[in-house]
Amino acid sequence: MAVQWKCFSDFFVVEMPTPPKGLLTDPPWLFSPHGHSSRLEQRTTSLGSQLNTQLEGWLSQAQSTVSPARAIIAPHAGYSYCGACAAHAYKQIDPSVTRRVFILGPSHHVPLSRCALSSAEVYKTPLYDLRIDQKVYADLWKTGMFERMSLQTDEDEHSIEMHLPYTAKAMESHKDELSIVPVLVGALSESKEQDYGKLLSRYLADPSNLFIISSDFCHWGQRFRYTYYDEAQGEIHRSIEHLDKMGMGIIETLDPMSFTNYLKKYHNTICGRHPIGVLLNAVSELRKSGTEMNFSFLNYAQSSQCRNWQDSSVSYAAGALVVH
């Protein structure tokens with residue numbers, strides 16, 4: 001009998017033998033806040049090599065057009081769906097400049113009205129371990145604006161996890177100088193998005209920092225309880241694309257209030273809307289001091305093309321923020 005490893009099948013479809021009794025089917029060697037080793041390390045090496053080859057392939061097909069990015073928006077679905085799209089954002093990273101990577105991902109599994117920090121010190125990936133910047137964490141914790149997520153929440157949440165291998169790959173030439181700052185973003189009010197944006201703006205101002213904003217775009221279909229349709233656009237998937245690109249165009253203006261109004265009007269199911277809102281408010285704060293920035297979307301994709309009411313899809317977009 002064979003099982004499909006849940007976490008690794010997010011990256012690529014791979015079947016592994018049934019694990020020995022007592023081993024987790026969500027393998028700790030993929031995403032381990034503890035940084036523990038495992039009896040499956042040899043298999044990890046093999047699968048890590050396959051993942052590395054896959055990431056290299058996607059990145060080789062993307063163009064570096066707006067590098068160096070200070071922030072990117074990239075999806076967090078299974079790599080077989082969104083890996084090629086995400087590469088267009090990750091291609092804009094300059095590892096010779098970046099030393100610290102903030103990863104802002106939305107909370108999918110636990111109710112959270114603020115932002116939360118990991119309890120871990122190291123995240124393991126199939127490529128190499130990523131060290132969490134404890135100094136920055138200490139500074140953020142002192143503000144009183146953050147909670148601690150449990151290790152179980154940390155392991156369950158894919159919005160941060162899915163960016164770890166791509167981060168490792170993009171930064172591998174300077175991996176010994178790299179630290180990460182994972183932040184789980186809750187269902188923030190407009191005022192809290194402003195507060196977190198203001199707090200993080202000083203980090204965004206630092207050229208050695210990179211922000212990864214984790215978000216998929218429209219989740220369409222009855223299983224998502226969202227079936228907005230503009231018949232003037234033709235087929236359903238065209239309506240979804242028009243809706244998404246309307247929002248993408250607003251994000252490119254870097255105006256947080258316009259993005260908030262767009263969400264209120266259309267209720268587009270952009271799961272990373274709050275991390276995006278935090279980024280836009282951080283940009284708005286920096287603009288007050290005359291900093292010039294622009295954001296460009298570089299790729300758009302859908303998991304499938306919806307043509308009837310029984311269909312469903314998730315949209316993906318990749319873009320980058322550049323500071324001039």
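In what follows, Ala, Val, Leu, Ile, Met, Phe, Trp, Tyr, Cys and Pro count as nonpolar, Asp, Glu, Lys and Arg as charged, and the others, Gly among them, as polar. The model is predicted: local features need pLDDT of at least 70, side-chain atom pairs count only at pLDDT 80 or more, and totals for chains, interfaces and linings use all residues. Residues are numbered from 1 along each chain as its sequence is written, and side-chain values use heavy atoms, with hydrogens and water left out.

The structure holds one cavity of 30 Å³ or more. A cavity is a set of points, on a 1 Å grid over the protein atoms alone, where a 1.4 Å probe fits but cannot get out, and lining residues have an atom within 4 Å of a point. The space in the largest cavity comes to about 30 Å³, where a volume is the space filled by probe spheres set on the points. Its lining consists of Leu104, Leu200, Leu204, Phe211, Ile213, Val278, Leu279 and Ala282. By class these are eight nonpolar, no polar and no charged residues. At least two lining residues come from each of α8, β10 (209-214) and α11 (273-287), and α11 gives the most, with three. Helices (H or I, at least four residues) and strands (E, at least two) are DSSP runs, numbered from the N terminus.

Two packed helices are described by the angle between their axes and the distance between the axes. Axes are lines fitted to C-alpha atoms, for helices over the stretch in contact, and angles run from 0 to 180 degrees between N-to-C directions. For α8 and α11 the angle is about 60° and the axes are 7 Å apart. The two are therefore oblique to each other; angles under 35 degrees count as roughly parallel, over 145 as roughly antiparallel, 65 to 115 as roughly perpendicular and the rest as oblique. α8 passes α11 in a right-handed crossing, the near helix being turned clockwise from the far one by less than a right angle.

The crossing of α9 past α10 is right-handed. Leu243, Asp244, Met246, Gly247, Ile250 and Ile251 of α9 make the contact with Ser258, Phe259, Tyr262 and Tyr266 of α10. It has seven nonpolar, two polar and one charged residues.

One open space remains. A pocket is an open set with protein on both sides within 12 Å along at least five of seven lines. The second largest pocket has a volume of about 350 Å³. Of the 17 residues that line this pocket, Ser107, His108, Thr269, Cys271 and Arg273 lie nearest its centre. Its lining has eight nonpolar, six polar and three charged residues.

Definitions and conventions:
Contact = heavy atoms within 4.5 Å.
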